[in-house]
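Here is a short briefing for a first look. Keep the viewer open and follow the topics in turn.

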Amino acid sequence: MNNAVAQPQTIVVLGGTSDIGQAIVAELVSPALRTVVLAVRQPDDVDTDTLADTLHSGDAEIVVVPFDATAPETHADVVADIVTRVGDLDVVIQAFGQLGTAALSDPVEAAALAQVNYVGAVSSGLAVADQLRRQGHGTLVVLSSVAGFRTRGSNFVYGSTKAGQDGFATGLGHSLAGTGARVMTVRPGFVRSSMTTGMAEAPFSADPADVAAAVAAGLRRKRSVVWVPGILRVVMGLLRFAPDVVWRRLDR
Amino acid sequence: MRSTRRELSGWGRTSPSVADVFDVAADELTADLLAGFGNDRGAIARGLGRAYGDSAQNAGGSVVRLAPGPILLDPSAGTVRVGAGVSLDELMRHVVPRGWFVPVTPGTRFVTVGGAIASDIHGKNHHADGSFGEHVDSFTLLTADGDRRVVTPHDEADLWWATIGGMGLTGVVIEATVRLLPIETSRCIVDTERVPNLDSLLERMESGDHRYRYSVAWVDLVASGSNMGRSVLTRGDHASLAELSDHDPSAVDDPLAFGPPSLVAVPPGLPNLLSKPAVRAFNELWYRKAPRSHRGIESITGFFHPLDMIGDWNRLYGRPGFLQYQFVVPFGAVDTLRSIVNTVSASGHASFLAVLKRLGPDSGGMLSFPTPGWTLTLDLPAAAPGLDGLLAELDRRVLDVGGRHYLAKDATTTPEVIRAGYPRLDEFLAVRRRVDPNGVWASDQARRLHLL
């Protein structure tokens with residue numbers, strides 16, 4: 001159960017190796033926090049002692065469980081197993097995702113990217129939502145992207161998977177109204193993380209810690225959508241209506 | 001049995017959750033209904049939802065709201081047999097015109113008798129009269145096995161003292177017999193003093209509280225520097241007929257008149273209006289308008305329940321809600337009290353008027369809050385950045401001197417903080433395991449603070 005200042009007792013990160021996911025956990029660490037569950041593809045590769053340092057997670061227990069975003073048939077069981085181990089889920093962060101730079105022309109690569117970023121988000125999102133609905137409280141935090149708000153020629157496959165994930169998340173949030181469960185969709189711009197290492201920075205870029213701070217503030221204020229940085233809400237609100245020729249020029 | 005699935009939150013509106021809400025009359029509370037709660041998340045009784053945090057909500061489970069029930073006054077015994085769903089408002093409207101007053105009232109009339117027992121509430125007279133539970137002769141409790149037990153402090157002492165202040169976790173109180181206070185008039189005679197700072201306030205309360213039945217101070221926690229802790233101290237008692245005719249001869253015609261007004265209601269959907277400048281301006285105005293020193297007659301509402309005149313005032317904090325932080329520290333821990341006032345005052349958080357009160361002896365409830373010492377209560381907007389760190393620091397200072405936090409207000413503490421503040425927690429848990437081995441009664445707060 002979150003307390004009145006939106007400090008969770010239990011956090012689950014789907015895609016537990018994500019820089020942003022871990023930054024959010026570090027931001028949400030408090031005396032109230034009891035358990036952090038990192039759901040990752042390769043549990044054996046995770047060293048919980050090092051993680052406890054990275055996350056500054058103090059006395060909270062760190063639990064690592066296997067999770068494969070591309071195996072939707074396992075997602076309900078993964079969630080059920082986590083609940084059996086740690087009880088109610090207060091905050092679940094959907095943090096997995098790939099950039100798939102090779103996916104612009106390769107149909108197989110593109111389909112694989114869609115499997116992770118969109119299909120995996122749908123199946124795991126539904127599995128989490130079912131649990132949150134049953135327990136009558138809890139927030140699913142979905143890491144979307146501005147790239148999905150208006151897709152660009154330079155990364156349209158990634159952008160389209162994020163558009164799908166974003167549409168799913170906001171719609172799921174509407175469908176959960178009145179159940180006690182909530183969805184918070186997070187739309188960062190360019191984030192300097194291991195996923196984007198070596199790429200040229202776009203305007204309005206942010207660090208994982210910025211995303212984490214915005215997520216924590218969004219949880220306190222019970223927001224349904226959070227932009228990082230906040231100014232992107234205005235910028236993208238205007239750019240959404242830019243003529244195509246202007247939009248393409250901005251895409252360098 | 002019909003139920004509706006609804007979102008519930010406490011008065012602070014901070015941590016809503018959804019449960020199946022059963023609105024029942026006392027005779028509908030049966031073993032069958034208990035079986036019908038039917039999932040592993042249990043049930044909790046809810047009164048009027050004035051506890052600030054998550055104590056009367058039960059995410060994913062059931063919540064029972066008891067219809068008001070009867071009010072049977074026995075003037076010869078000076079007691080009333082009253083349904084647990086009856087509010088102190090309804091009770092006062094019944095008994096005040098007949099010359100009686102409730103033994104203890106909190107800052108609002110909109111709490112139920114059941115809630116008053118479950119939270120073992122206190123009022124401005126705690127230093128003189130103790131908590132609500134000390135004025136209850138007996139109650140009927142629906143326990144997890146479906147039994148209705150009539151409990152008194154003599155024949156089932158441990159169940160009694162686990163239920164008084166037990167936050168509804170031993171069962172549902174259905175009705176209670178409560179001892180009342182005889183009154184000659186429905187007015188109070190009140191001494192009001194403006195006090196320039198915290199030290200003189202503490203001194204005045206220490207030296208003079210014993211002369212009054214009711215005493216409380218409102219402290220301005222936004223003021224800093226030499227004004228830090230400036231306050232308005234109000235102390236009084238029920239006015240006798242003679243006192244009423246001295247001060248307000250026109251009121252003597254109908255000395256027990258009681259018709260509390262409700263002036264305005266706050267509409268939903270407002271943003272947080274209690275920002276720092278607004279709170280600062282209000283606190284300033286409120287201090288300036290208070291008389292330096294004055295004796296006068298006040299109504300029950302004006303003296304005990306001023307905020308009841310503004311319906312749904314909790315909406316003034318907007319969607320993120322607010323929390324009320326209340327703790328008690330022993331009388332000897334004045335330095336800690338002073339340091340906390342200093343810290344809050346310097347923190348930049350917009351604390352609306354805080355309330356300072358001296359508490360008397362324990363009631364004996366295992367989880368009852370009142371214990372001898374200073375209790376300070378402050379309201380804070382929940383979404384303010386940095387609030388979590390401030391509260392964790394205050395928690396630490398309160399525990400360091402052997403203080404504790406009030407469960408009916410709590411919305412942020414941890415299992416460790418509660419365990420440290422309530423040395424009889426294990427005794428409570430043992431009673432609970434005996435009367436509710438399968439965990440029929442549960443609340444969000446109980447899960448959060450490991451009270452199960």
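**Briefing: helix, contacts and backbone**

A:Val245 sits in helix α8 of chain A, residues 244-250. Helices (H or I, at least four residues) and strands (E, at least two) are DSSP runs, numbered from the N terminus. This is a predicted model: local features need pLDDT of at least 70 and side-chain atom pairs count only at pLDDT 80 or more, while totals for chains, interfaces and linings use all residues. Residues are numbered from 1 along each chain as its sequence is written, and chains are lettered from A and ligands numbered from 1 in the order in which they are written.

**A:Val245**
- A:Val245 is exposed, because 8 other C-beta atoms lie within 10 Å. A residue is buried if 20 or more other C-beta atoms lie within 10 Å of its own, exposed if 12 or fewer, and partly exposed in between; C-beta atoms are placed from the backbone.
- A:Val25 is 220 residues away along the chain, and the two C-alpha atoms are separated by 41 Å.

**Where the chains touch**
- Chain B gives 26 residues to the contact and chain A gives 20 residues. Two residues are in contact if their C-beta atoms, placed from the backbone, lie within 7 Å.
- On the side of chain B that touches chain A, β2 (17-24), α11 (387-400) and α14 (444-449) of chain B each supply at least two residues.
- That side of chain B has eleven nonpolar, eight polar and seven charged residues. Here Ala, Val, Leu, Ile, Met, Phe, Trp, Tyr, Cys and Pro count as nonpolar, Asp, Glu, Lys and Arg as charged, and the others, Gly among them, as polar.

**Helix pairs in chain A**
- Helix α3 (residues 75-86) and helix α4 (residues 107-135) of chain A pack at about 40 degrees, with axes 8 Å apart. Axes are lines fitted to C-alpha atoms, for helices over the stretch in contact, and angles run from 0 to 180 degrees between N-to-C directions.
- That makes α3(A) oblique to α4(A). Angles under 35 degrees count as roughly parallel, over 145 as roughly antiparallel, 65 to 115 as roughly perpendicular and the rest as oblique.
- The contact of α3(A) with α4(A) has five nonpolar, four polar and no charged residues.
- Helix α1 (residues 19-28) and helix α6 (residues 208-220) of chain A cross at roughly 50 degrees, and their axes come within 8 Å.
- α1(A) and α6(A) are therefore oblique to each other.
- Their contact has twelve nonpolar, no polar and two charged residues.

**Strands in chain B**
- Strand β1 (residues 4-8) of chain B pairs with β2(B) in the antiparallel sense over five bridges. Two strands pair if DSSP finds at least two bridges between them.
- B:Ala19 in β2(B) is the bridge partner of B:Arg6.
- β2(B) runs parallel to strand β4 (residues 62-66) of chain B, joined by five bridges.
- B:Leu66 in β4(B) stands opposite B:Val24.

**Backbone exceptions**
- Most residues other than glycine have a negative phi, and most peptide bonds are trans.
- A:Val228 and A:Pro229 are joined by a cis peptide bond, with omega about -10 degrees. A:Pro229 lies in the loop between β7 (225-228) and α7 (232-239) of chain A.
- B:Met167 is not a glycine, yet has a positive phi of about 55 degrees. B:Met167 counts as buried, because it has 26 C-beta neighbours inside 10 Å.
- B:Asp312, also not a glycine, has a positive phi of about 50 degrees. B:Asp312 counts as exposed, because it has 12 C-beta neighbours inside 10 Å.
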